[in-house]
Amino acid sequence: MRKHLDTAVEAPVWPPGIRPAAFDSVDPRLLHAVLEEAFPGLVAPLADWYGNMTSYDEFDPALCVPAQTEDGSIAGFMQCWTSGFIKDLAVAERFRG
């Protein structure tokens with residue numbers, strides 16, 4: 001599915017207490033845990049997942065956005081590629097709904 005953006009995109013409105021974080025500022029183990037919770041049995045082990053993701057030619061850390069709570073928990077994680085593809089969009093179970 002594609003959506004061509006021919007007008008300006010509105011700034012996102014984040015839920016209270018949740019803000020985007022820089023990919024490099026978050027422990028990869030926390031991101032991996034959210035992915036495992038969202039996609040049980042489908043995520044590679046941590047070392048493989050992180051190495052494969054960060055060495056992929058379409059990887060850009062600016063396109064991998066953790067949603068972090070004020071206490072440092074990860075509410076969700078969006079992983080996109082430079083081609084405009086959303087690879088993963090995961091939300092921790094306690095933040096769904």
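**Close-up 1. The buried residues of helix α1 in a predicted model.** In helix α1, which spans residues 28–38, the residues Leu 31, His 32, Val 34 and Leu 35 are buried, where buried means a relative accessible area under 20%, exposed means over 50% and partly exposed lies in between, with a 1.4 Å probe and protein chains only. Seen down the axis of α1, these buried residues fall within an arc of 160 degrees, so they line one face of the helix; the arc is that of the directions from the helix axis to the C-beta atoms. The cover over the buried residues of α1 includes α2 (46–55), β2 (64–69), β3 (74–80) and β4 (86–91). Helices (H or I, at least four residues) and strands (E, at least two) are DSSP runs, numbered from the N terminus. This is a predicted model, in which local features need pLDDT of at least 70 and side-chain atom pairs count only at pLDDT 80 or more, while totals for chains, interfaces and linings use all residues. Residues are numbered from 1 along each chain as its sequence is written, and side-chain values use heavy atoms, with hydrogens and water left out.

**Close-up 2. The packing of α1 against α2.** Two packed helices are described by the angle between their axes and the distance between the axes. Here α1 and α2 pack at an angle of about 105 degrees, with their axes 10 Å apart; axes are lines fitted to C-alpha atoms, for helices over the stretch in contact, and angles run from 0 to 180 degrees between N-to-C directions. The two helices α1 and α2 are therefore roughly perpendicular to each other, a label given to angles of 65 to 115 degrees, whereas angles under 35 count as roughly parallel, those over 145 as roughly antiparallel and the rest as oblique. On the side of α1 the contact is made by Pro 28, Arg 29, Leu 31, His 32 and Leu 35, and on the side of α2 by Leu 46, Trp 49 and Tyr 50, where contact means heavy atoms within 4.5 Å.

Close-up 3. A pair of aromatic rings is described by the distance of the centres and the angle of the planes. Rings of Phe, Tyr and Trp (its six-membered ring) pair if their centres lie within 6.5 Å, and planes under 30 degrees apart count as stacked, over 60 as edge-to-face and the rest as tilted. By this rule the count comes to six aromatic pairs. One of them joins Phe 23 and Phe 59 edge-to-face, at 5.6 Å centre to centre and with 65 degrees between the planes. Phe 23 lies in the loop between β1 (18–20) and α1 and Phe 59 in the loop between α2 and β2, so the pair ties together parts that are 36 residues apart in sequence. Both Phe 23 and Phe 59 are buried. Trp 49 and Phe 77 also form an edge-to-face pair, at 6.4 Å centre to centre and with 75 degrees between the planes. This pair links distant parts of the chain, with Trp 49 in helix α2 and Phe 77 in strand β3, 28 residues apart. Trp 49 is buried at a relative accessible area of 8%, and Phe 77 is buried at 1%. Ring pairs link Phe 23, Trp 49, Tyr 50, Phe 59 and Phe 77 into a cluster.

**Close-up 4. Two cysteines without a disulfide.** A disulfide is a covalent bond between the sulfur atoms of two cysteines. When a disulfide is taken as a pair of cysteine sulfur atoms within 2.5 Å, the count comes to zero. The cysteine sulfur closest to that of Cys 64 is in Cys 80, at 7.0 Å, which is too far for a bond. Cys 64 counts as buried at 1% relative accessibility, and Cys 80 counts as buried at 11%.

Close-up 5. Gln 79 is found in strand β3 and is buried, with a relative accessible area of 2%. Leaving aside neighbours within four places in sequence, Gln 79 is in contact with residues including Leu 35, Trp 49, Met 53 and Cys 64. Glu 58 has its place in the loop between α2 and β2 and is buried, with a relative accessible area of 19%. The C-alpha atoms of Glu 58 and Cys 80 are separated by 8.5 Å, although these residues are 22 residues apart along the chain. Again leaving aside neighbours within four places in sequence, Glu 58 is in contact with Cys 80, Trp 81, Thr 82 and Ser 83.
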